[in-house]
Amino acid sequence: FYTDGITEARDHTGELFGTERLDEVVQGCGPDAKALVHEVMHRVNTFSGHIAPKDDQTLVVARILK
């Protein structure tokens with residue numbers, strides 16, 4: 001689960017981080033929820049050039065055990 005502040009983070013040209021980039025990060029990470037949160041936030045911050053977000057950035061990861 002994530003707020004739109006994740007996908008609507010912008011770089012210096014105004015381009016959005018978007019759902020495709022978010023999907024790439026999720027697909028590239030393993031099952032460790034903590035590592036996934038860290039990687040998503042790292043990628044968003046790197047993409048935006050560490051520009052302060054204009055919206056909240058909330059991310060919740062849950063692992064479903066069978």
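Let's start with a pair of side chains: glutamate 15 and arginine 21 come together in a salt bridge, with 2.9 Å between N and O. Keep in mind as you look around that this is a predicted model.

How exposed are these two partners? Glutamate 15 has a relative accessibility of 39%, so it counts as partly exposed. Arginine 21 falls in that class too, as partly exposed, with a relative accessible area of 28%.

## A second one, inside a helix

A search through the whole structure turns up two salt bridges. Besides the pair above, glutamate 39 bridges to arginine 43, and here the closest N and O atoms are 3.4 Å apart.

Why are glutamate 39 and arginine 43 about one helical turn apart? Both sit in helix α3, which runs over residues 33-47, and they are four residues apart there, so about one turn of the helix separates them. Glutamate 39 is partly exposed at 24% relative accessibility, and arginine 43 is partly exposed at 37%.

## The overall fold

Now step back to the chain as a whole. Its secondary structure is made up of three helices and zero strands, and if you read along the sequence you get the pattern α-α-α.

What about its dimensions? The C-alpha trace spans about 45 × 20 × 15 Å along its principal axes. The radius of gyration is 12 Å, which agrees with the value near 11 Å that a compact globule of 66 residues would have.

## Contacts, surface and charge

Of the 66 residues in the chain, 23% count as buried.

## Threonine 7, tucked away

Have a look at helix α1, which covers residues 4-7 and includes threonine 7. Is threonine 7 buried or exposed? Its relative accessible area is 11%, and the cut-off for buried is under 20%, so threonine 7 is buried.

Which residues does threonine 7 touch, once you set aside its neighbours within four places in sequence? The list is Tyr2, Leu16, Phe17, Gly18, Thr19 and Leu22.

Aspartate 32 belongs to the loop between α2 (18-28) and α3. With 46% relative accessibility, aspartate 32 counts as partly exposed. How far is aspartate 32 from alanine 62 in space? From C-alpha to C-alpha the two are 9.6 Å apart, while 30 residues separate them in sequence.

Then there is proline 53, which you'll find in the segment after α3. At 52% relative accessibility, proline 53 passes the cut-off of over 50%, so it counts as exposed. Proline 53 is 20 residues away from alanine 33 in sequence, and their C-alpha atoms lie 23 Å apart in space.

Technical notes. Residues numbered from 1 in each chain as written. Predicted model: local features only at pLDDT ≥ 70, side-chain atom pairs only at ≥ 80, totals over all residues. Heavy atoms only, no water. Salt bridge = Lys/Arg side-chain N within 4 Å of Asp/Glu carboxyl O. Buried < 20%, exposed > 50% of the residue type's maximum accessible area, 1.4 Å probe, protein only. Helix = DSSP H or I, 4+ residues; strand = E, 2+ residues; numbered from the N terminus. Rg over C-alpha atoms; globule rule 2.2 N^0.38 Å. Contact = heavy atoms within 4.5 Å.
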